[in-house]
Every structure is written in structure tokens, then in C-alpha cells.
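Open the viewer and keep a selection tool at hand. The tour starts with the whole chain and then moves to single residues.

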Amino acid sequence: NVPVITEYLNNKLPGVNFTILPNGTVTALKPKAISEIYDSETVSEVLNGVTDLIENLETVETKLSNLGKRLGIQINYKDQVEYTKRDGTKSTVINISKGADIRNLTEEMAHIVVDSLEAANNPLFYSMYNQIENHTMYEDIHDSYKVLYENDLHKIKKEAIAQVIMHTIINESMVTETPEDSRIRRWWDKVMNFLSTLFSRT
């Protein structure tokens, strides 16, 4: 989860330019900016927040892994995973590259949940499906995936929903949630409540 931690540090301490070295260590490209721009109290608060972030990410990973088990999903960690376009069928296996961060698992689980909601003809699916084009991320996602999905708008919208879910969950962990994230998170909470109710019946 080093990439997420690096993103968090750059969001909280802009101008210091944190980056990841080949050995996986996080370093500041402009270390002098820390003392030149920020006071010690601010820096201490941000660094203490890293511990909270790590705990939040571990909680997210545990919840998603448990959700995968309950959905009958097998999670495999491999040396290398190539991304291929989805054929619309429900996945039963998630392949994650070793060294990948929590965003990979989060997005893949989001895809499976979205597919499950659609297959069940659940109103929660359509409430997000009908609004996703208004999300600020949608245009970039559409442009990135229109060739891969051969301009299939249905698949592109589902891809966008999964990526927006991933973005929202990670932002919540980093405590950088926007009002738009908050709306998506409330929708996601409803989905999780629905799944919890479903599992309690089985």
C-alpha cells in the first residue's frame, strides 16, 4: 500500500514531492520544503496520520477479503497479471499482482459487487448506473476505456462505477473525502447493508 501512502503524503504536504524509490522506500524529492513551508505541528499531525491510514487500509483489505469469501470469490496473488477486458460474466477468481496496492483489490471487488447487483436486478445498481455519467471522473474513464470496450457504453459505465467506488473507499481511508465521495460512500454503505442482510438469511 506504499503508493496510497505516498499519495496521502503528497495531498497533505504539497510541494515536498514524495516519491517511491526502486527498493520501495518513500522519500521526499524536496526535503527542505518540509521546514520551509510547514510548521512542526502540521508535519507531526500528517505523519501521525500515516499510522491511522495504514490501519484503515488494513481494515478495508480485511473487509473486502471477507466479502470475497462470502461471495465465493477466490483471491490469488501472482507475480504478474495482465489486464484484459471483461466479457460481462461474473468473476469467481481475482488475480492480483504481488506488490500491488489495496486499490487493485478494491476495484476488483467493486466490479464483482456491481455485477452481482445487476444480475439480481437490484434497484441499487440502477440508481448508480443512471447517475454515473454525471460523476467528475466519468469522462476520463470513458476516454480511457472506449477502445478497450469497443464503445460499449454499458460496459464503460460499469467500469466507471467500479473505479468510482474504489476511489471513494481509498479517499475515505486517507480522510480526503469530497462531497461527491460522500454521496458515493453512502450508496456503497447501502450496498454493504444489503449484502449483510442477504448473508444473514443464508
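What pattern does the chain follow, read along the sequence? The pattern is α-β-β-α-α-β-β-α-α-α-α-α. Keep in mind that this is a predicted model.

**Whole chain.** Colour by secondary structure. Next, show the surface. The accessible area is about 11500 Å², and carbon and sulfur atoms account for 49% of that. Of the 202 residues, 39% are buried.

**Stop one: Lys 158.** Select residues 153-173. This is helix H7, and Lys 158 sits in it. Is Lys 158 buried or exposed? Its relative accessibility is 10%, so Lys 158 counts as buried, the cut-off for buried being under 20%. Show side chains here. A polar contact of 2.7 Å joins the side chains of Lys 158 and Glu 118. Which residues touch Lys 158, leaving aside neighbours within four places in sequence? Select His 111, Val 114, Asp 115, Glu 118 and Phe 125.

**Stop two: Leu 47.** Move to helix H3, residues 40-70, and pick Leu 47. Leu 47 has 47% relative accessibility and therefore counts as partly exposed: partly exposed lies between the buried limit of 20% and the exposed limit of 50%. Leu 9 and Leu 47 are 38 residues apart along the chain, and 8.2 Å separates their C-alpha atoms.

Notes: Residues numbered from 1 in each chain as written. Predicted model: local features only at pLDDT ≥ 70, side-chain atom pairs only at ≥ 80, totals over all residues. Heavy atoms only, no water. Helix = DSSP H or I, 4+ residues; strand = E, 2+ residues; numbered from the N terminus. Buried < 20%, exposed > 50% of the residue type's maximum accessible area, 1.4 Å probe, protein only. Polar contact = N/O pair within 3.5 Å; in protein donor to acceptor, adjacent residues only side chain to side chain. Contact = heavy atoms within 4.5 Å. Areas by Shrake-Rupley, 256 points an atom, 1.4 Å probe, with all protein chains shown as cover.
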